[in-house]
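Open the model in a viewer and keep a selection panel at hand.

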Amino acid sequence: MWPFTRSKRKLIDKAVGELRDSLENPRVPLSDASAFYSVFGSGMESASGVNVTPENALSVPAIWCAVNFISSTIAALPLILYKKTEAGRERAERDPLYAILHDEVNDDHVTSFQWRKQSMVNTLLHGRSVTFIERNKAGRVMNLWPLNPLNTRVERRAGRRVYKYEENGSRFEYRADEVLDVPFILEADGLRSISPVSRLKNSIGLTLAIEAYASKFFQNGGVPPLALHGPPANAPAINRALTDIVNAVKNASAEKRNVLYMPAGHELKQIGFDPDKNQLTDVRRFQIEEVSRTYNIPPTFLQDLTHGTYSNTEQLDLHFVKHTLTQWVECLESEMNVKLFPTRNRTNFVEFNLDGLLRGDFATRMNGFAQGLQHAVFTPNEIREMENRPAKPNGDELLVQGAMISLESAVKGAPTDGGNADSATQVNEGLKIAAEAMRS
């Protein structure tokens, strides 16, 4: 059930005015893209003359790929609720919030994957994603409801942030601790967010203009604009000649003929630029690099393998995880840990699991596990857990190099008489323990 019909939050009186960004509101700057969206229903005009909106920006294949790839990757990461313990941490699977974050985020059967992907799409396109946290009277989180960022306005009242939202003619107001807010980049006032689509409208508009030109070029059979030269004639004769030429070009393209008949004394000359000479293909490839810079993602993830090789592809994977994905994961984790858990109950926290993205190939992974096992960094069961395998008996002891005896056995069996103990007995005991652990 949609929460706004039953919410206990205060309805804003209509006298307060329109909550959406409006150009008539003196507090809304003219540079605010959402104000133009709400008034004109169109985007910001770029230098190429193309109106750019988040909707038509997705018609650019590189932007579509970048937004879909980043949002889907974050949505597919395991989001786990942990509880701090004396030994470290453990999964809090019995906490009701675990199921909300892991399975369904609200009563409308919105899955955690759908919610996270939608939130990241809003952030990457509109510059902000907003989610309302619905709690019961006891303060426990019941549902997470994604909000339309275009209908949300952030203000500061008495030094505190206030989120004003409008949905289906109803107006609501929420405190900062009732909203999960993930902006792309914040303005200097700390309230308004910067939309990458509106701020980079000229670059995106150029891409859209190139797409439109290429489409029209091939729609005309690959023939650029032409000029007809011939003897002077009156206006009706000129119009008939132009019509005949246009029909002849279309028929030749449809019939795959490369030869046109021209009347005596007439000549066709190209007046449009040549796509090859103007490096249209190179410009389109450069726009892929522009999108790559916008979202800080390697071009290989946008299906541009111009600079991709077998040797650097894995390093590009690590670059994406370390320099792109990590910052968004940290942003989401910190926002959820601050807003979902009260200050008095910070024993619980959420964390994304990035191990799956950093696993590497099988040989490299096994070599790293072997090094960690031999130097008492990991136990066999810890390695099995990272490989999604069940634990085995006698696999929770740290092992050291040599006979692969347990660290505890090595300490207990250390000679105290200056090194005259029966070392063979210790080695045999260590081998038995190691063999038993390997068999299990």
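**Stop 1: the largest cavity**

The largest share of the lining of the largest cavity, four residues, comes from helix 5. The model is a predicted one, and the count of cavities of 30 Å³ or more in it comes to three. Begin with the largest cavity, which holds about 130 Å³ of space.

Select Trp-115, Arg-116, Ser-119, Met-120, Ser-129, Val-130, Thr-131, Leu-180, Val-182, Leu-332, Glu-335 and Met-336 to show its lining. Colour by element next: helix 5 (112-126), strand 5 (128-135), strand 10 (179-183) and helix 10 (313-340) each give two or more residues to this lining. By class, the lining of the largest cavity has seven nonpolar, three polar and two charged residues.

**Stop 2: helix 5 against helix 10**

Which residues of helix 5 meet helix 10? Trp-115, Met-120, Thr-123 and Leu-124 do so, and their partners in helix 10 are Trp-328, Leu-332 and Met-336. Trp-115, Met-120, Leu-332 and Met-336 were also selected at the previous stop, as part of the lining of the largest cavity.

The contact of helix 5 with helix 10 consists of six nonpolar residues, one polar and no charged. The two axes come within 13 Å and cross at roughly 115°, which makes helix 5 roughly perpendicular to helix 10. The crossing of helix 5 and helix 10 is right-handed.

**Stop 3: helix 3 against helix 5**

Bring in helix 3, residues 61-76. Its axis and that of helix 5 are 8 Å apart, at an angle of about 140°. Helix 3 is therefore oblique to helix 5. The handedness of this crossing is right-handed.

To display the contact, pick Ile-63, Val-67, Asn-68, Ile-70, Ser-71, Ser-72, Ile-74, Ala-75 and Ala-76 in helix 3, then Phe-113, Arg-116, Lys-117, Met-120, Val-121, Leu-124 and Leu-125 in helix 5. Sorted by class, these are eleven nonpolar, three polar and two charged residues. Keep Arg-116 and Met-120 labelled: both are in this contact and both line the largest cavity.

**Stop 4: helix 3 against helix 10**

How far apart are the axes of helix 3 and helix 10? The distance is 11 Å, and the packing angle is about 60°. Helix 3 and helix 10 are therefore oblique to each other, and helix 3 passes helix 10 in a right-handed crossing.

On the helix 3 side, select Phe-69, Ile-70, Thr-73 and Ile-74; on the helix 10 side, Phe-320, Thr-324, Leu-325, Trp-328 and Leu-332. Seven of these contact residues are nonpolar, two are polar and none is charged. Ile-70 and Ile-74 meet helix 10 here and are also in the contact of helix 3 with helix 5. Trp-328 and Leu-332 meet helix 3 and also helix 5.

**Stop 5: the second largest cavity**

Finish at the second largest cavity, with about 80 Å³ of space. Its lining is Ile-63, Pro-196, Val-197, Leu-200, Ser-203, Ile-204, Thr-207, Gln-287, Glu-290, Val-291, Thr-294 and Tyr-295. Helix 6 (196-199), helix 7 (201-219) and helix 9 (280-295) each give two or more residues to this lining, and the largest share, five residues, comes from helix 9. The classes here are seven nonpolar, four polar and one charged.

Technical notes
Residues are numbered from 1 along each chain as its sequence is written. This is a predicted model: local features need pLDDT of at least 70, side-chain atom pairs count only at pLDDT 80 or more; totals for chains, interfaces and linings use all residues. Side-chain values use heavy atoms; hydrogens and water are left out. On a 1 Å grid over the protein atoms alone, a cavity is a set of points where a 1.4 Å probe fits but cannot get out, and a pocket is an open set with protein on both sides within 12 Å along at least five of seven lines; lining residues have an atom within 4 Å of a point. Grid points are joined across faces, edges and corners, and a volume is the space filled by probe spheres set on the points. Ala, Val, Leu, Ile, Met, Phe, Trp, Tyr, Cys and Pro count as nonpolar, Asp, Glu, Lys and Arg as charged, and the others, Gly among them, as polar. Axes are lines fitted to C-alpha atoms, for helices over the stretch in contact, and angles run from 0 to 180 degrees between N-to-C directions. Angles under 35 degrees count as roughly parallel, over 145 as roughly antiparallel, 65 to 115 as roughly perpendicular and the rest as oblique. A crossing is left-handed if the near helix is turned anticlockwise from the far one by less than a right angle, and right-handed if clockwise. Contact means heavy atoms within 4.5 Å.
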